[in-house]
Amino acid sequence: MKIILLFSLLWLVSCATSVYLPQARMISPEAQGQLGAFSAEARIEQFQKDKADFSNHNIKHPLKERTPVFRPTGHGEMGILEKLDVYADAHWLLNAPSVLGVKYQILGDSRLQAKAKNFSLAVTGGIGRQSSTNANGGTEIKITWPWGSNNTESKSDAIDRLWMQTIHQEVGLVSGYRWTQNFLHYVSGTYFHQEITGRVKTEDKVLNNRFNFTQDGMMYATGFIYYFGERLFGKLEYSYTTAGFSFSRERTLNAGNAGLGITF
């Protein structure tokens, strides 16, 4: 059941006209501690939104930076060995890759054994993929979120069909210190690389082209995990990201993120 729950976190719904860059990792430096030990959490994360833009039939700069947005996501971790976990990040309601990865704890005690003054260090690595197609969508897409706000996106130059795929790879290092039995402070650094490919076709058939570009960056973060008891915990994180597409200058992004989870 825990394996099914972990992989079910990878389910998502996406909007094909934008690419969303995650700005949070929120991964504990402590492994779960034993085979089958599990944690699952619901999150509110901030993402950088980049909208596909082919105005004037230009495919050299296919994305245009938009206002960052908050979206609900999910995260799960399951112990394989005492110091080895697998994790899954599910990015619902947006065109971002869900990530499946591994975490290996190098130093310190695992979550099940950790006490106050425990120093922990872990390495992480993951990969994800997302593809989506928007065909014959008219001139705009209107999405009404459950909490009632509307988000209307106009498509440029009457796009007839737009297919996009993102391959995401990441590797990171995270360390932490338990100031008390229940209070863990961590810092992390994660390098990521994304390959984005696609094909766009306009209704006037002036564009019927493939495009291919990359995005590289670093996510630096500091955060806190508080265990309210044996099961329930909460997370808060601040992250600073530097990222750049192969066709544009590097940019810096700041984000705040929160999560609420349960352990099994």
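A: We can begin with one residue. This is a predicted model, and in it arginine 43 counts as buried, at 2% relative accessibility. Arginine 43 belongs to strand β2.

Q: What does the side chain of arginine 43 reach?

A: The backbone oxygen of methionine 26, at 2.9 Å. Leaving out residues up to four places away in sequence, arginine 43 also touches a list of residues including Arg25, Asp89, Lys235 and Gly259.

Q: Is glutamine 48 buried or exposed?

A: The cut-off for buried is under 20% relative accessible area. Glutamine 48 has 1%, so it is buried. Glutamine 48 is placed in strand β2, which covers residues 38-52. Beyond four places in sequence, its contacts include Tyr20, Glu65, Pro68 and Arg251.

Q: How should I read the burial and fold of the protein as a whole?

A: Buried residues account for 52% of the 264 residues. The protein has 14 strands and one helix. Of the contacts between residues at least 6 apart in sequence, 68% join residues at least 24 apart.

Q: How do I read a salt bridge, and how many salt bridges does a search of the whole structure find?

A: Side chains of opposite charge can pair when their charged atoms come close. The search finds ten salt bridges. One case is arginine 178 with glutamate 30, where the closest N and O atoms are 2.8 Å apart. This pair links distant parts of the chain, with arginine 178 in strand β10 and glutamate 30 in the loop between β1 and β2, 148 residues apart. Arginine 178 is buried at 3% relative accessibility, and glutamate 30 is buried at 1%.

Q: Which parts does the pair of lysine 235 and glutamate 41 tie together?

A: Lysine 235 and glutamate 41 meet in a salt bridge through their side chains, at 3.1 Å from N to O. Lysine 235 is in strand β13 and glutamate 41 in strand β2, so the pair ties together parts 194 residues apart in sequence. Lysine 235 counts as buried at 4% relative accessibility, as does glutamate 41 at 6%.

Q: Where do lysine 103 and glutamate 77 lie?

A: Their side chains form a salt bridge at 2.8 Å, N to O. Lysine 103 lies in strand β6 and glutamate 77 in strand β4, 26 residues apart. Both residues are buried. Elsewhere, salt bridges with shared partners join Arg25, Glu41, Arg43, Glu45, Asp89, Glu170 and Lys235 into one network.

Q: How do I read the nonpolar core?

A: Look at its members, then at the elements that supply them. The largest nonpolar core has 13 residues, and those with the most contacts inside it include Phe54, Leu63, Met164 and Phe211. Strands β10, β11 and β12 each give two or more residues to this core, and β10 gives the largest share, three residues. A second, separate core has nine residues, among them Met26, Ala122, Val174 and Tyr227.

Q: Which residues form the nonpolar patch on the surface?

A: Tyr104, Ile106, Leu107, Phe119, Val123 and Leu173 form the patch, with about 530 Å² of accessible area together. The elements giving two or more residues are β6 and β7, with β6 supplying the largest share, three residues. Isoleucine 106 lies in strand β6 and is partly exposed, at 44% relative accessible area.

Note on methods
Residues are numbered from 1 along each chain as its sequence is written. This is a predicted model: local features need pLDDT of at least 70, side-chain atom pairs count only at pLDDT 80 or more; totals for chains, interfaces and linings use all residues. Side-chain values use heavy atoms; hydrogens and water are left out. Patches are made of residues with over 30% relative accessible area and no salt bridge: like charges are joined within 9 Å, nonpolar side chains (Val, Leu, Ile, Met, Phe, Trp, Tyr) within 5 Å. Accessible areas come from the Shrake-Rupley method with a 1.4 Å probe; for residues, only the protein chains shown count as cover. A salt bridge is a side-chain nitrogen of Lys or Arg within 4 Å of a carboxyl oxygen of Asp or Glu. Helices (H or I, at least four residues) and strands (E, at least two) are DSSP runs, numbered from the N terminus. Buried means under 20% relative accessible area, exposed over 50%, partly exposed in between (1.4 Å probe, protein chains only). A nonpolar core is a set of buried Ala, Val, Leu, Ile, Met, Phe, Trp, Tyr and Cys residues joined through side-chain atoms within 4.5 Å. Contact means heavy atoms within 4.5 Å. A polar contact is a pair of N or O atoms within 3.5 Å; within protein, one must be able to donate a hydrogen and the other to accept it, and residues adjacent in sequence count only if both atoms are side-chain atoms.
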